[in-house]
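Reader: I am new to this structure. Please walk me through how to read it.

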Amino acid sequence: MNGTEQGAVAAVGGKQVDPYFPNNGDPRYRVHRYELTLDYRPGPNRLAGAARLSALAGPEPLREFTLDLADFRIGRVLVDGKAAHYAHRGGKLRIRPARTPAAGAAFTVEVHYSGNPRPVRSDWGGLGWEELTDGALVASQPVGAPSWFPCNDRPADKASYLISITTPSSYAVVTGGRLLARTTKASSTTWVYEQAAPTASYLVGIAIGAFERVLLVDAEPGAVPQAGYVPLAQVSRFAADFGRQPRMMRYFTELFGPYPFDAYVVVVADEELDVPVEAQGMACFGTNHVDGVRGAERLVAHELAHQWFGNSVTIADWRHIWLNEGFAKYAEWLWAEHAGGRSAQAHAADAHRLLAALPQDLCLADPGRALMFDDRLYERGGLTVHALRCALGEEAFHRMLRDWTTGRRHGVVTTADFMAHVQRYAAEPVVGLFDAWLFAGALPPLPVLG
């Protein structure tokens, strides 16, 4: 397979859907805003919600459409204020409006629902809303968003969000975006957040718990506001582990362009987590990632880099996941090099030795659903970025990188888009490099900086 070839894509009504998750999302319409009003009771793990979606029909009249939503009890469904026919099973809410939205027309959907949220089952275990010992955490990548709200769950369908969550007042609610209001009545507090930037459904994160707020201060004018929400017992170690994050943010803005969101928050859940998970404007770590000696700083860099690679510049479907993870991996190496640690070349050599001893059956540009989170994808993705740096040279590489993240800011991209972008900065054709690193299984020789 070469760089001009693309895998087959499934379709619904003639429209493309994600080939890895053909049952998720509906390409016959687009959502441009979600307004979620939620009430969550941690003790019984009870969620009551009302979701209002503002959307646009595609090029054909929308006689029916679907939303992704897990096993909740549905109270009512309205389309443009009128009761709609619906059926809810198998994680799909199928809706037939009383009045069909015309091709290209704006319409609204309201869904009222309630139940006990739980993770969506997947090849990688439960995804989405997870009840913790004391609180809750949402980490939805790639298909966990329907575990807590009705959505068009495809990464290309990015929208703004207004989220209101009411919980007992002993809990804090954290999500990406700007906190508009926090109102306490009796024993409950309502937190209202706005995420104005276009956001994929899997990137809407939530953390509910007993947190201390820790400011990560950067005295530079115009610095990105940064804070941590941390269990009390972890505050001192958090200050050590994340103390260099403001410096990291400054470095990444030099490399990748202005930070694409209003602020950045880090949550440490009062649980151990297998891996940290980024959301838009937010990242979640476990207590096992906080040791007081910066033992997980590469992960701090990785999750921060995702704010540019994956969150602002979002993949059109999951075949292109290397564009998220390869650049986040390389950001780890760049930060280590910048902070006085081992060079990116040394990290690349380590990754190459690791991959050389493993099976050579990974197609980076289309790994397949089973391998999309394989460790080899991360390492080979980082090596591919390093190979580009070696081929382009320092000045052209860094200009290419910054122009990619700024020119595609808040956009949706594919591997083909990136290949065309890179060629504009190369003195010679780079199709051979891409064919070797992205489309062939065999591991190319270690790229070396000149």
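Predicted model: local features only at pLDDT ≥ 70, side-chain atom pairs only at ≥ 80, totals over all residues.

Reader: How is a pair of packed helices described?

Author: Two packed helices are described by the angle between their axes and the distance between the axes. Here, the axes of α2 (residues 245-256) and α4 (residues 322-338) come within 11 Å and cross at roughly 115 degrees. Axes are lines fitted to C-alpha atoms, for helices over the stretch in contact, and angles run from 0 to 180 degrees between N-to-C directions. Helices (H or I, at least four residues) and strands (E, at least two) are DSSP runs, numbered from the N terminus.

Reader: Which residues make the contact of α2 with α4?

Author: From α2 come Arg 247, Met 248, Tyr 251, Phe 252, Leu 255 and Phe 256; from α4 come Ala 331, Leu 334, Trp 335 and His 338. Contact means heavy atoms within 4.5 Å.

Reader: Now the sheet. How do strands pair?

Author: Strands of a sheet pair through backbone hydrogen bonds, either parallel or antiparallel. In this model, an open sheet of eight strands runs β7-β6-β10-β4-β3-β13-β16-β15, with mixed pairing. Two strands pair if DSSP finds at least two bridges between them.

Reader: Which strands stand at the edges?

Author: β7 (82-83) and β15 (178-185) do; each has a single partner strand, so one side of each is left without a neighbour in the sheet. Elsewhere in the sheet, β13 (residues 159-168) and β16 (residues 188-199) run antiparallel, joined by nine bridges. Thr 166 stands opposite Thr 190 in β16.

Reader: Is Gln 307 buried or exposed?

Author: Gln 307 is buried, at 0% relative accessibility. Buried means under 20% relative accessible area, exposed over 50%, partly exposed in between (1.4 Å probe, protein chains only). Gln 307 sits in the loop between α3 (297-305) and β23 (314-315). A polar atom of its side chain lies 3.5 Å from the backbone oxygen of Met 282.

Reader: Where does Ala 283 lie?

Author: Ala 283 belongs to strand β22 (residues 282-285). Ala 283 is buried, with a relative accessible area of 0%. Ala 283 and Glu 303 are 20 residues apart along the chain, yet their C-alpha atoms are separated by 6.4 Å.

Conventions: Residues numbered from 1 in each chain as written. Heavy atoms only, no water. Polar contact = N/O pair within 3.5 Å; in protein donor to acceptor, adjacent residues only side chain to side chain.
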